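This report describes one protein structure for a reader who is new to the subject. Please keep the sequence and the 3D view open while reading.

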Amino acid sequence: MVGKELAVQRNGPVDIREIAAKATLREVRQNGHTYVELRRVGKRVIFFCTICLTECFSDNVLFDHLKGNLHSRRYAEAKVTLFGPMPWPFNDGVLFFNNSCEKDPLLLDSGSQNARELTLVPQPEVSRNDTEVTSRLRDSSSSCNSVKGARSGVEGRDNGRKAAVSEGHVLNNSGTEGPLVIPGVLLKDVVSNLPVHLLGYGNIAYRICEASQSCKKVSKIWCAWVGQEGSDMCKTYEQSGFGIVNFSYAYDLGRKLSSDDQDLPISAGSFFLIDDAGHRGKRRKKSFSDQEASSEESNGQSSSPTGNSKAIVSGSPTDDSRNLPVGLLSSKSMRRELRKQKRIAAEKVCDICGRPMLPGKDVATLLNCKTGNLACSSRNLSGAYHLFHTSCLLHWTILCQYEMLTDQIAIKGKSNRGRKAKNAPKKCKLTSVLCPECQGTGIHIEGDELEKPTISLSEMFRFKLKAIEAHKAWLKSPEVLENCSTGLHFPSEHVENAEEKVIPLKSLPFYTADV
């Protein structure tokens, strides 16, 4: 053949449908749908629309969804609050979708650090002078290092996470410039200090409907992202006593793994599968009618005896990896099975919304800015802390501010005199921003005496449900602002001759930690 020949050489198992899905994703994102991402359900790669929380199992289903009424309505709602010149610098998989720092649209194995991607590279040949384009599987660790190096050289931007980190100029507790160091944080089974860097500020404000001095109602409360510009608004917005620390989620983040988690039973993930989308289902029998779907399994188990593959499925729940024969542990299928067990251990749902927190997505925990401790530190001595979706924790923080604000308005507008006021039942109130799971506030504790919770679990559940419903109402009727925002809406009956005001409340700092 005259000229250059394009040949695809397979050096390992390749899923053609996954490559096609990535190509479709690039096309969709180039058309402006930056909120679409790839996820894995079992062995299938699907599309996921973040603003609609909708799964699309093929490209045709995705295109139909993007043209549908549901997406058109949700996009119109999100366009007012989430699309702007300074977008939220987070990607938590449930509301925020900033993928500017995305390393790979889909990791081949979320539990493995050696994820590989297919690349076309020119490869010279000795027998002839022309160049053959060869398909290679390249280790993603090298590409990640190159991405990190490129990010570190980029100048700071207000809406970029890595840019804010590269500058490294934040105000710590003493008022000098430098990274903020949080003491007593559990990192990889060791309690140590955690340096975090200021990412930016979110300004919390609210709209109040005032009919008279005794009739006031907060209808909306929101947080608008202003980036590093928020430091210039300290005179308008009062500094919040709490902040949000952002992480990239991993299975060992915030908790100490027990021996049961490290040596997982073989049969736990053999009969049940938990995928990247949080689905849990039974393992189906393998069918070799589809050569593309079974290429990875056939290549991985070709060197294993038939009895070995049966031992993986029928292993007893009490067995662990140390009691298995050496031949099983050396097989590729066995190592793949153990990686699945790690991914199953990684699956943890957000305690606020109930959706899974996916590896690599943004999660967050609360920080007490007055004490410099994480909020959960006052509820345990091991340095552990609870994690939530970044948007969910932000909505919870806004709800806490709303509850404290409405209590202040009620105290000013009502008198405590009279028999009815004295005999009225006391309601559980949120008197401070606290962790929605352990109710820690991060105060200083003396000795082994931990902070005690003050709100019952049923009341905490009602508060979480209230935040979810209020955010749904916000999506239908958001506050139109110049900056990107998210918030809560509490609709009420219309009052005649009512005056509405927008009042600034708090400036909420956001920090980021690279763990």
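## The whole protein

The model is predicted. The protein has 515 residues, and 44% of them count as buried. Its secondary structure consists of 14 helices and 19 strands. Among the contacts between residues at least 6 apart in sequence, 70% join residues that are at least 24 apart. The protein exposes about 27700 Å², of which carbon and sulfur atoms supply 51%.

## A sheet of three strands

An open sheet is formed by three strands in the order β1-β2-β3, with antiparallel pairing. The edges are taken by β1 (36-41) and β3 (54-56); each has a single partner strand, so one side of each is left without a neighbour in the sheet. From one strand to the next, the twist averages 40 degrees.

Strand β2 covers residues 44-49 and pairs with β3 over three bridges, in the antiparallel sense. Phenylalanine 48 stands opposite glutamate 55, a residue of β3.

Helix α1 (residues 16-30) lies across β1 and β2. The helix runs at about 160 degrees to β1.

## Salt bridges

How many salt bridges does a search of the whole structure find? The search finds eleven. The table gives some of them.

| Salt bridge | N to O distance | Separation in sequence |
|---|---|---|
| Arginine 40 and glutamate 18 | 3.5 Å | 22 residues |
| Lysine 506 and glutamate 238 | 3.3 Å | 268 residues |

The pair of arginine 40 and glutamate 18 involves the sheet described above. The side chains of these two residues meet in a salt bridge. Arginine 40 belongs to strand β1 and glutamate 18 to helix α1, so the pair ties together parts that are 22 residues apart in sequence. Both arginine 40 and glutamate 18 are buried.

Why does lysine 506 count as buried? Its relative accessibility is 16%, and buried means under 20%. Salt bridges that share partners join Arg207, Lys220, Glu479 and Glu500 into one network.

## Asparagine 483

Where is asparagine 483 found? It is in the loop between α14 (457-476) and β18 (485-489). With a relative accessibility of 26%, asparagine 483 counts as partly exposed.

Leaving aside residues up to four places away in sequence, asparagine 483 touches Ala224, Trp225 and Val226. A polar atom of the asparagine 483 side chain lies 3.2 Å from the backbone oxygen of tryptophan 225. Asparagine 483 can also be compared with methionine 86: the two are 397 residues apart in sequence, while their C-alpha atoms are 6.7 Å apart in space.

Note on methods: Residues are numbered from 1 along each chain as its sequence is written. This is a predicted model: local features need pLDDT of at least 70, side-chain atom pairs count only at pLDDT 80 or more; totals for chains, interfaces and linings use all residues. Side-chain values use heavy atoms; hydrogens and water are left out. Helices (H or I, at least four residues) and strands (E, at least two) are DSSP runs, numbered from the N terminus. Buried means under 20% relative accessible area, exposed over 50%, partly exposed in between (1.4 Å probe, protein chains only). Contact means heavy atoms within 4.5 Å. A polar contact is a pair of N or O atoms within 3.5 Å; within protein, one must be able to donate a hydrogen and the other to accept it, and residues adjacent in sequence count only if both atoms are side-chain atoms. Two strands pair if DSSP finds at least two bridges between them. Axes are lines fitted to C-alpha atoms, for helices over the stretch in contact, and angles run from 0 to 180 degrees between N-to-C directions. Accessible areas come from the Shrake-Rupley method with a 1.4 Å probe; for residues, only the protein chains shown count as cover. A salt bridge is a side-chain nitrogen of Lys or Arg within 4 Å of a carboxyl oxygen of Asp or Glu.
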